Amino acid sequence: MKSVEQTLLDAVSLDAPWSLIETFAELPRWRPEDVNAASDVIAERLEALGVPAEVHRPEIFLSIPISASVEAAGETHRAKPPSMSVSVPDGLSGDLVYLGADLKNLRSYSKDVRELFGDSFTSWDEVRARIAGRILVTEGFGNPALTQLAEEWGAIGLISVNPGIDIHWGTCTTIWGTPDLDDLPRKPKIPVVAVNNPSGQALIALAKEGGRATIRTEMQEGWYPQGIPTVHIPGAVEPDKFVFVHGHYDSWDVGIGDNATGDATLLELARVLWHNRQSLRRSVRIAWWPGHSTGRYAGSTWYADAFALDLDENCVAQINCDSPGCRWATSYHQTTCMPEMKPFVTQVIEAVTGTTPRFKRPNQAGDYSFNNIGLSSYYMLSSTMPNELRAEKGYYDVSGCGGNIAWHTENDTLEIADRDVMMTDMKIYLLSVLRHANAAVLPADWTQATREFRATIAGYQEAAGERFDLGPADRATAALEQALDRLYAGVDGGTVSEDAANTVQMALARILVPLNFTAGPRFTHDPAYTAPPLPVLHAATELSDHGPDTIGFAKTQLMRGVNRYVAAINDARRLVEWAAP
Ligand SMILES: [Zn+2]
């Protein structure tokens, strides 16, 4: 007799998913009305497949880029405004200034300016004086952190020069989802445009000659009702507890690799799991998000807020589905995964593909709107093209479409989807969800996390040197790790009940995921820029940048961070000791 796993894997078909991909190839999904039309399509397809769907219709805050241009030296350059740029339909003129250092990697003001700019500047005041009142031209995508810096330096506008001949859509806000009152001050206050490389080179040359330009942006900003199709597939044994799998269906233009392939994968998961729901121990919840591109994850953020207490109480893990099934994406060497899930995900990918994945720490992107609640998470990007192939094609780095540089451009069309890669990725997602829903003891190995935490603390300690002692953080983590070893030995030996183990596994996620990925409180949303590991301890790496004027402030921050870290780790240890004394 075939196993449940084999039966469900054999049931996976390209029929329904490929048909959705073909429909989406004709349906741009970034204007609010088109996004709602796509939501209707998903709901209709589910119904046709015999899967009951519920569609939520919240109002979310969006910024839709309509058009942009840059006029300079008698020429008009094509441009795209990132979402959340300020709208200046009548144009904004100013002197251009070019800074070519790797600004996008800039994290700390306290860094020595010479490290960034060589001998061009001797102080940050000089950098600010050069930029203030001008339009900054620099390389990159519509980078939110850079926009914030440009603003703080007094730039009146920002032109980001993309690496190739195409212009990529993007966003320039650091606010995660619909802003609350605390977030609003971070809303961008300057117009931002992206131009392609040839235009960028012309503008850089002009900036060096002291030239001027006029930026024009036209944005449509406001509150829009947007559909969120969801499917609830009840588990047969523990229906309250659920695995949560989701991805965005709004896209730039027709966005096939990002993310019609993901929408199609979710559709097939819904079909196979709904019709085999008697085989599920726990429930599975599936959601398709609007507002990913034009609201910086506003759809998933609304859901995270509206269902926060349900997610907190009942969600065993979140699995994000973005850009699977793309052309040439046959490699699993940058698969997104939190540390505690690595052994589980390794086994799934090995079972489906016969290859061992290599992992990437989840960055603050891809509808990971649940880190502050504290959900163990994996995927976002799953498959990508092999490095050799990327090098051979001369492709630059992009954040989706399996490495195809059609990402976030008009070229992300039907040819970006690949039937064979789709089949493999759909099976990876299906097997992940199935095993997660059916595991007797929830699959998280928290010793993988504590080992990573200790390595992080060791690195931070080395950077801090004699200036600060992170010993308390290290010792607390080591004690937690010992308790976890006892817990997992007790689970294997049958002295810890499945119920107790599962209670602890879920509760650990609520403590340790926020600690590893956020600095803000639970039930808020940290800013949308990449957080370093253990963010509340990260100030340790910056102590060496501080002189006598500011070192005291930095140490104060670090002391508070250590307190927060150690208290949380001790809570986690007491929880584990409760189950395995
Ligand atoms: Zn995407």
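Buried here means under 20% relative accessible area, and by that cut-off Trp446, Thr447, Ala449, Thr450, Phe453, Thr456, Ile457, Tyr460 and Ala464 are the buried residues of helix H14. Welcome to a short tour of this predicted model.

**Helix H14 (446–464)**

- The 19 residues of H14 should span 27 Å at 1.5 Å a residue, and the 26 Å between its end C-alpha atoms agrees with that.
- H15, H16 and H17 are the helices against which the buried residues of H14 pack.
- Threonine 456 belongs to H14, and its relative accessibility is 13%, so it counts as buried.
- Beyond its neighbours within four places in sequence, threonine 456 is in contact with Pro533 and Leu534.

**Tryptophan 446 and the nonpolar core**

- The largest nonpolar core has 111 residues, and the members touching the most others are Ile286, Trp288, Trp446 and Tyr565.
- Trp446 is also among the buried residues of H14.
- With neighbours within four places in sequence set aside, the contacts of tryptophan 446 are Glu340, Ser376, Leu484, Tyr488, Gln505, Leu508, Ala509, Leu512 and Val513.
- Two of those contacts, Leu484 and Tyr488, are themselves listed as buried in H15.

**Helix H15 (471–493)**

- H15 has 23 residues and should span 33 Å at 1.5 Å a residue; its end C-alpha atoms are 33 Å apart, in agreement.
- Its buried residues are Gly471, Ala473, Ala476, Thr477, Leu480, Glu481, Ala483, Leu484, Leu487, Tyr488 and Gly490.
- Their cover includes helix H14 (446–464), helix H16 (498–517) and helix H17 (551–579).
- Glycine 494 follows H15, and its phi is positive, near 85 degrees.

**Strands that pair with S8**

- Strand S2 (residues 59–72) pairs with strand S8 (residues 212–225) in the antiparallel sense, over 12 bridges.
- Within that pairing, threonine 214 of S8 stands opposite glutamate 71.
- Strand S4 (residues 88–98) also runs antiparallel to S8, joined to it by five bridges.
- Valine 88 has threonine 217 as its bridge partner in S8.

**Aromatic side chains**

- The structure holds 16 aromatic pairs.
- Elsewhere, a single aromatic cluster takes in Phe242, Phe244, Trp289, Trp302, Tyr303, Phe307 and Phe370.

**Charges over rings**

- Arginine 277 places its charged end over the ring of tryptophan 274, 4.0 Å from the ring centre.
- Lysine 393 does likewise with tryptophan 328, its charged end sitting over the ring at 3.8 Å from the centre.

**Backbone angles to look at**

- For context, most residues other than glycine have a negative phi, and most peptide bonds are trans.
- Aspartate 258 and asparagine 259 are joined by a cis peptide bond, with omega about 20 degrees.
- Asparagine 259 has its place in helix H8 (residues 256–274).
- Tyrosine 379, a residue other than glycine, has a positive phi near 65 degrees.
- The loop that holds tyrosine 379 lies between strand S15 (377–378) and helix H12 (387–393).
- Tyrosine 379 counts as buried because its relative accessibility is 0%.
- Histidine 408, also a residue other than glycine, has a positive phi near 60 degrees.
- Histidine 408 sits in the loop between H12 and helix H13 (419–438).
- With 14% relative accessibility, histidine 408 counts as buried too.

Notes. Residues numbered from 1 in each chain as written. Predicted model: local features only at pLDDT ≥ 70, side-chain atom pairs only at ≥ 80, totals over all residues. Heavy atoms only, no water. Helix = DSSP H or I, 4+ residues; strand = E, 2+ residues; numbered from the N terminus. Expected span 1.5 Å × (residues − 1). Buried < 20%, exposed > 50% of the residue type's maximum accessible area, 1.4 Å probe, protein only. Contact = heavy atoms within 4.5 Å. Pairing = 2+ DSSP bridges. Phe/Tyr/Trp six-rings, centres within 6.5 Å; stacked < 30°, edge-to-face > 60°. Lys NZ or Arg CZ within 6 Å of the ring centre and 35° of its normal. Core = buried A, V, L, I, M, F, W, Y, C linked by side-chain atoms within 4.5 Å.
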